Amino acid sequence: MRPPLAVAGHTDDVLELVGGTLTPAERERAERFTRSGDRRDFVAAHLLVRHCAAELLGTRACMLTVVQRCEECGQAHGRPWLAEAPEVSISLAHTSGYVCAVAGYGRVGVDAEHVTGGPADENLVALALTPEEAKLVGDDNRGLIRQWVRKEALVKRGELTLGRLREADLSALPLVDGLTVPLEWQGRHFLEWTAGTVIASAVTDEPAKLHLLGG
């Protein structure tokens with residue numbers, strides 16, 4: 001069984017390098033975006049998650065259908081899955097100009113955010129961090145966003161909700177960039193990377209590999 005795989009890149013690179021088509025439901029969702037950049041990010045992320053899963057499965061992206069259906073309202077959003085390979089979990093994320101995806105057996109989740117300058121947002125600290133995490137982060141916005149993307153990835157794994165972020169204490173994980181060793185927290189494996197102002201984190205049951213597209 002192949003290890004989990006994360007794939008990421010700038011939106012323009014992904015749209016140039018990754019082929020495929022979206023489902024009617026995905027195309028309808030894409031058309032709802034009023035800003036072309038947001039629409040391109042959405043399309044790139046949904047194409048990339050097919051590419052990622054196809055690479056894991058050893059098949060072609062055009063053979064895979066991404067399905068999203070909310071358990072509460074029945075609309076085409078919520079946690080994605082593959083119609084042809086439901087045993088494989090997938091997750092995707094997009095932030096302005098950058099997209100990423102992860103696929104693997106077991107539960108997976110991924111998130112990415114841009115880090116802005118200035119001090120840490122006190123409201124976000126109060127929403128997302130435990131007292132120990134807040135003590136470690138202090139006024140460092142980069143540390144805050146790193147913890148945020150980790151917890152968002154756990155949300156996408158189905159382990160947390162946005163209202164319960166403070167129930168997960170990740171203070172044992174380092175907040176520095178450029179780590180070359182995998183991170184583990186209570187049996188979950190974190191794979192993390194940066195791209196300019198973007199911080200990204202994928203969490204999987206087993207250590208994952210990373211494939212970066214483009215320059």
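Accessible areas come from the Shrake-Rupley method with a 1.4 Å probe, and for residues only the protein chains shown count as cover. By this method the chain of this predicted model exposes about 10600 Å², of which carbon and sulfur atoms supply 51%.

## Overall fold

The chain holds six helices and ten strands, which are DSSP runs numbered from the N terminus (helices H or I, at least four residues; strands E, at least two). The C-alpha atoms fill a box of roughly 45 × 40 × 40 Å along the principal axes. Where contact means heavy atoms within 4.5 Å, 60% of the contacts between residues at least 6 apart in sequence join residues at least 24 apart.

## Cysteines

With a disulfide taken as a pair of cysteine sulfur atoms within 2.5 Å, the chain has zero disulfides. Cysteine 62 is exposed, with a relative accessible area of 57%, whereas cysteine 100 is buried at 0%.

## Basis of the values

Residues are numbered from 1 along each chain as its sequence is written, and side-chain values use heavy atoms, leaving out hydrogens and water. Because this is a predicted model, local features need pLDDT of at least 70 and side-chain atom pairs count only at pLDDT 80 or more, while totals for chains, interfaces and linings use all residues.

Key. Buried < 20%, exposed > 50% of the residue type's maximum accessible area, 1.4 Å probe, protein only.
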